[in-house]
Amino acid sequence: MLTFLLQVSYYLLAFIFTAALLTVAILLYKTKPYPNITRHKDEKFYLDPKSIKTVEFPSLDDSPTLELSVIVPAYNEEKRLPAMLDECMAFLEEKSSKQSDFTYEVIIVSDGSSDATVGVALKYSKKYSAEKFRVLELVENRGKGGAVRLGILSARGRQLLFADADGATKFADYDKLAEALSSLAPEWRQDGIAIGSRAHLEDESIATRSFLRTILMHGFHTLVYIFAVRTVRDTQCGFKLFTRATARKLFNSLHVQRWAFDVELLYLAERLKLPMSEVAVRWTEIDGSKLSPFWSWLQMGIDLFMIWLRYMVGAWRIAANQKKEN
């Protein structure tokens, strides 16, 4: 009996080892080590509603020409977008009127929306001018990470903030992030990330969440810690501020285009040893989320493991490191 069990164990271990080797071989063969960033011709231009002309977006590789770029990914957000933009634009306009050296732009990235998201955004572009407000309309859905990246690559700011279209975070908390970022990186050529965080609200949110959602939340945080990010408590808050130098490093290295892209960004930042500061922000849950708690978190859990595995076996590499070596 003991001999039989030993044989079974031997064959089982041999099977697991062979399967692991085969998985690694497939990953190395099938996966491109560096991101292939595709952009359709029409996605390189924005519409100026006043002149009714299309104008080419600038590049992240250009020198910055204003202080802040706000990137807002939006997929079928015609209903939630106006409230967020009203708050955002009111804050930015007041700040620019009080500080003559504060200049800004907002870039709405419609991620293949099938509703009136683009039309809603263009009304703001017409109201505030294309100098301050631009709309990047993606030909096809990329996922939130892909939309944020293309918006970042089209931005002019010394600082770059991405913010969720639902307006769950109070936009005035940008000042707190900007102060934290300035302490890490006084100017745009230096590296730094200020990360909006809801970690201080965790106890309160647990009190109002269902038991299943609480279990899923803790499970997700555990997986993030094991496989990816260990120095940031809240990786998923959609309110993160980067210097231009850091944005160049991270978004040209980003592989994940969907919901887990935040985790890969911060994983890359840890690997590159970039300075980071987690900043408590005000946050309110907004109805209309497109995430299904169980299935979306299950998918993100799988994504987390695959991020870790691909970097561990060398199937994915960091483009910023390649530039250093060259």
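Seven strands make up an open sheet of mixed pairing, in the order 5-4-3-6-8-7-9, where strands are DSSP runs (E, at least two residues) numbered from the N terminus and two of them pair if DSSP finds at least two bridges between them. Strand 5 (133–137) and strand 9 (276–280) stand at the edges with a single partner strand each, so one side of each has no neighbour in the sheet. This is a predicted model, in which local features need pLDDT of at least 70 and side-chain atom pairs count only at pLDDT 80 or more, while totals for chains, interfaces and linings use all residues. Residues are numbered from 1 along each chain as its sequence is written, and side-chain values use heavy atoms, with hydrogens and water left out.

Within the sheet, strand 6 (residues 157–163) and strand 8 (residues 239–243) pair in the antiparallel sense over five bridges, and leucine 161 stands opposite leucine 241 in strand 8. Helix 2 (residues 81–98) packs on the sheet, touching strand 3 (66–74), strand 4 (104–110), strand 5 and strand 6, with contact meaning heavy atoms within 4.5 Å. Helix 4 (residues 144–152) likewise touches strand 3, strand 4, strand 5 and strand 6; helices are DSSP runs of H or I, at least four residues.

The structure holds one cavity of 30 Å³ or more, a cavity being a set of points on a 1 Å grid over the protein atoms alone where a 1.4 Å probe fits but cannot get out. Its lining, made of residues with an atom within 4 Å of a point, includes Met84, Glu87, Cys88 and Phe239, and helix 2 gives the largest share, three residues.

Technical notes. Axes are lines fitted to C-alpha atoms, for helices over the stretch in contact, and angles run from 0 to 180 degrees between N-to-C directions. On a 1 Å grid over the protein atoms alone, a cavity is a set of points where a 1.4 Å probe fits but cannot get out, and a pocket is an open set with protein on both sides within 12 Å along at least five of seven lines; lining residues have an atom within 4 Å of a point. Grid points are joined across faces, edges and corners, and a volume is the space filled by probe spheres set on the points.
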